[in-house]
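Dear colleague,

Please find below the structure that I am handing over to you, followed by an account of what was found in it. I would be grateful if you would read the two side by side.

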Amino acid sequence: MSTPVYDPPRGRNSYLGYVAACVIGIGLLVWRYVADLAESIRTGTVTVPVHVAATSAVPQPPGGATVRTEQLALLVRTADVPAGAIGYIRVGDALELVFVAALIGLVATVAWRIARGGLFDTATAKVLDVLAVAVVVAGFVPAFVRRMGWNWVVSALGWDGRLPDPVLDPPYVPVYLGLLLVICFRFALTASQRMVRDQAGLV
């Protein structure tokens with residue numbers, strides 16, 4: 001029987017801290033989501049960021065400087081808009097929570113497999129494939145669902161003429177960089193698996 005090319009430490013301490021950090025991160029996400037939802041329900045309002053024509057009708061700083069803005073945050077009473085619109089916003093927020101928590105869980109899974117000596121296992125590569133898809137889904141799906149709710153809220157308020165445009169800035173750069181990082185690691189892992197297979201029995 002050949003000696004493994006890489007035999008990492010297998011004690012729990014080798015990955016316990018990393019997994020604990022992931023669990024804490026998920027806990028903070030859940031806490032923030034629950035706190036925001038509870039505050040929204042308590043006040044009976046929902047916040048909708050919108051683009052508007054440039055205006056200086058904002059608090060002006062002392063000293064004579066003029067400040068203009070093209071973005072405002074509407075604080076809308078939930079009783080004044082359709083329940084379906086609020087539902088879309090709530091679902092979008094919940095999806096963001098679920099997908100980001102799933103991303104953290106997948107990254108923790110990869111770390112756990114590496115710590116247990118499974119760096120070159122095909123299962124690790126499959127987890128990376130799922131992680132790559134999850135990065136794209138988490139970056140765009142929650143924002144799309146939330147945008148539908150925001151559009152519905154804006155149209156339900158009855159503005160005449162050009163409606164304010166809800167602010168939607170998908171995280172293109174983080175998603176792009178995250179996807180590149182995962183794919184790069186996936187390519188490196190595929191090449192390493194081939195090298196380990198070719199060197200089997202020689203080391």
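How many nonpolar, polar and charged residues are there in the lining of the largest pocket? The lining has 23 nonpolar residues, five polar ones and eight charged ones. Please bear in mind throughout that the model is predicted.

The largest pocket holds about 860 Å³ of space. It is lined by 36 residues, and those closest to its centre are Arg-32, Asp-93, Glu-96, Pro-142 and Arg-146. Several elements take part in the lining: helix 1 (13-43), strand 1 (45-55), helix 2 (83-115), helix 3 (122-156) and helix 4 (172-198) each contribute at least two residues.

As to the overall architecture, the protein chain comprises four helices and three strands. Followed along the sequence, these elements give the pattern α-β-β-α-α-β-α. The protein chain has 203 residues, of which 28% count as buried. Among contacts in the protein chain with a separation of 6 or more, 77% are between residues 24 or more positions apart.

A search of the whole structure for aromatic pairs returned one. Its members are Tyr-88 and Trp-152, whose rings are 6.0 Å apart centre to centre, with 55° between the planes, and the pair is classed as tilted. Since Tyr-88 belongs to helix 2 and Trp-152 to helix 3, the pair ties together parts that lie 64 residues apart in sequence.

Are these two residues buried, exposed or partly exposed? Tyr-88 is partly exposed, because its relative accessible area of 34% falls between the limits of 20% for buried and 50% for exposed. Trp-152 is likewise partly exposed, at 35%.

Finally, a word on confidence. The mean pLDDT of the protein chain is 79, and 80% of its residues reach 70 or more. Helix 2 has the highest confidence, at 88, whereas strand 3 (residues 165-166) has the lowest, at a mean of 70. Over residues 1-6, pLDDT stays under 50, and the model has five contacts for them beyond four places in sequence. Where pLDDT is low, predicted coordinates should not be read in detail.

With kind regards

Note on methods
Residues are numbered from 1 along each chain as its sequence is written. This is a predicted model: local features need pLDDT of at least 70, side-chain atom pairs count only at pLDDT 80 or more; totals for chains, interfaces and linings use all residues. Side-chain values use heavy atoms; hydrogens and water are left out. On a 1 Å grid over the protein atoms alone, a cavity is a set of points where a 1.4 Å probe fits but cannot get out, and a pocket is an open set with protein on both sides within 12 Å along at least five of seven lines; lining residues have an atom within 4 Å of a point. Grid points are joined across faces, edges and corners, and a volume is the space filled by probe spheres set on the points. Ala, Val, Leu, Ile, Met, Phe, Trp, Tyr, Cys and Pro count as nonpolar, Asp, Glu, Lys and Arg as charged, and the others, Gly among them, as polar. Rings of Phe, Tyr and Trp (its six-membered ring) pair if their centres lie within 6.5 Å; planes under 30 degrees apart count as stacked, over 60 as edge-to-face and the rest as tilted. Buried means under 20% relative accessible area, exposed over 50%, partly exposed in between (1.4 Å probe, protein chains only). pLDDT is the predictor's confidence in each residue, from 0 to 100. Contact means heavy atoms within 4.5 Å.
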